[in-house]
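Dear colleague,

I am passing on the structure below for you to look over, and the notes after it set out what was found. Please read them with the structure open beside you.

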Number of protein chains: 2
Amino acid sequence: MQPHSLFIITGANRGFGRAIVTAVADAAKHKTTVILVGRNANELENVVQSVKDNVNIDTLLVSDISLETASEAHDTIFVKIKHLIETIQSGYPVLTRAVLVNNAGTTGDLSKKIGEYTAAEIQNYVNVNIASYVTLVSGFVNLLKEKPFDPDQPTPFPPALTIVNISSLLAVKAFPHWGLYATGKAARDMLLSVLAEEESSIRTLSYAPGPLDNEMQASVRATIGNEEQKQVYTDMANKGTLVKMKDSARKLIRLVDKADYRSGAHIDFYDKE
Amino acid sequence: MQPHSLFIITGANRGFGRAIVTAVADAAKHKTTVILVGRNANELENVVQSVKDNVNIDTLLVSDISLETASEAHDTIFVKIKHLIETIQSGYPVLTRAVLVNNAGTTGDLSKKIGEYTAAEIQNYVNVNIASYVTLVSGFVNLLKEKPFDPDQPTPFPPALTIVNISSLLAVKAFPHWGLYATGKAARDMLLSVLAEEESSIRTLSYAPGPLDNEMQASVRATIGNEEQKQVYTDMANKGTLVKMKDSARKLIRLVDKADYRSGAHIDFYDKE
């Protein structure tokens, strides 16, 4: 059977999401379709242009999305992805592998400690980073997992499924000023740990990419209300020891391709391979 | 200074919340005020009646609450608690200790696996068990934590603060069919771990009460879609080895009173003291 991999990458328009798209394109040795999900259509088009010379890559875009609530994530992202996948499945070669990379997320206001949040920002954070994420993971599993054989509605052999959560050291170690972020990342990790127990045919991975040399990290240094962490990150930036997005994205794709980690695990960029 | 302890207990109208109220009353050796938070005013009144013979206990009720969103939790619970505390603080003796016990929560539909959730039930679960909880913890910290001294607005010496999350083994170990529950409990644990790092004057504790001999456990056995767990819990129920609510609530109050655990820790009923 001719292999055909599908990657669905959220927050693909910039930052680490964009680096993951590049890493997927660089590693593609057979037909690979990438669904890029992001708010900004122009930025997504730029990402598509940057990988278009790879003959193995097909790209599809989902823009104008919203993560404001679970139902918005369902309607603006999941329903569109579902239609795209159904179209892909009706073509040739059929999908042999599908990988969902949940990269989209926000840091919350790092100047604040837990006692300073407003109800509105708590609700927004939880919607964008937990409710929407659970909705996408749930929908993806429902759509693609192995179904009981039905002779009246034969379905193609199901693709091998992998679900990735872009996690963080903060998901497993508490630091001040990361209240909402750490809460969200811990929640996201746990969902995939449970999923690994529920579905032996699905591989799940929570990947902590390290402190990345990108705009989000620059914003962390500019806004975090904790001097010790601000100093650590500033020193790393000055010494050039922040993790390069390209290196971290490559490690992630190597992990996903080799698939020899324990499903449900939390793996950090700094962990030995 | 005459000691005066305040306990705020959510979901106090029944089950483990009610057992916690009883344990607080049984352990009260000095003036203790308990704010009981729950949906059902009649049930709350019954709980009040059951502890009214303890001369050290004063009870205050907050009913008709909603955990549907962060802002509802703020308006229907936090604002009322705030007014009650301000009233208590203007009386005598002033509060020397305040303990928030976040016990309210739901299990979600345990017949389902992660691929079977609807967007609506994901949103509702996240609102009730994460967004509302973060809102209450945040508000409580903001209201009662040590403030910089202001000679124009002298505030009473701040009470010693403890914040408890009623957690679960599921927060730290993944089992099938607990997707939303485990996700929520992991999130709740992490918020208190970060809080412990942020506020050295506040003690936080995530307490896993064990598989309790109560209605919630009966509902778990009746609904869970995993035969192995159903069998384990049914065997425990038949053999009478489920944890008695009274024993678990007493252990919790001993932990809170002794305050010799590491702040931010996750402690299980079965852990050695």
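Buried area here is the accessible area, taken with a 1.4 Å probe, that two parts lose on being put together, summed over both. This is a predicted model, in which local features need pLDDT of at least 70 and side-chain atom pairs count only at pLDDT 80 or more, while totals for chains, interfaces and linings use all residues. Residues are numbered from 1 along each chain as its sequence is written, chains are lettered from A and ligands numbered from 1 in the order in which they are written, and side-chain values use heavy atoms, with hydrogens and water left out.

The interface

Between chain A and chain B about 3400 Å² is buried, and carbon and sulfur atoms give 70% of that area. Ile114(A), Met190(A) and Glu198(A) supply 19% of what chain A buries against chain B, more than any other three residues. Counting contact as heavy atoms within 4.5 Å, 47 residues of chain A touch 47 residues of chain B. Of the interface residues of chain A, 100% are also interface residues in chain B, so the copies meet through the same surface.

Chain A superposes on chain B by a rotation of 180 degrees with 0.0 Å of shift along its axis, at an RMSD of 0.0 Å (least squares on the C-alpha atoms of residues with pLDDT of at least 70 in both copies). The two copies are thus related as by a two-fold rotation axis, and the C-alpha of chain A nearest to that axis belongs to Ala187(A), at 2.4 Å.

Salt bridges

A salt bridge is taken as a side-chain nitrogen of Lys or Arg within 4 Å of a carboxyl oxygen of Asp or Glu. The structure holds 18 of them over all chains, and two salt bridges are counted between chain A and chain B; Glu199(A) and Lys113(B) meet in a salt bridge at 3.4 Å, N to O.

Within chain A, Arg250(A) pairs with Asp26(A) at 3.7 Å, N to O.

In chain B, the closest N and O atoms of Arg97(B) and Asp257(B) are 2.8 Å apart. With buried meaning under 20% relative accessible area, exposed over 50% and partly exposed in between (1.4 Å probe, protein chains only), Arg97(B) is buried at 17%, whereas Asp257(B) is partly exposed at 38%.

Best regards
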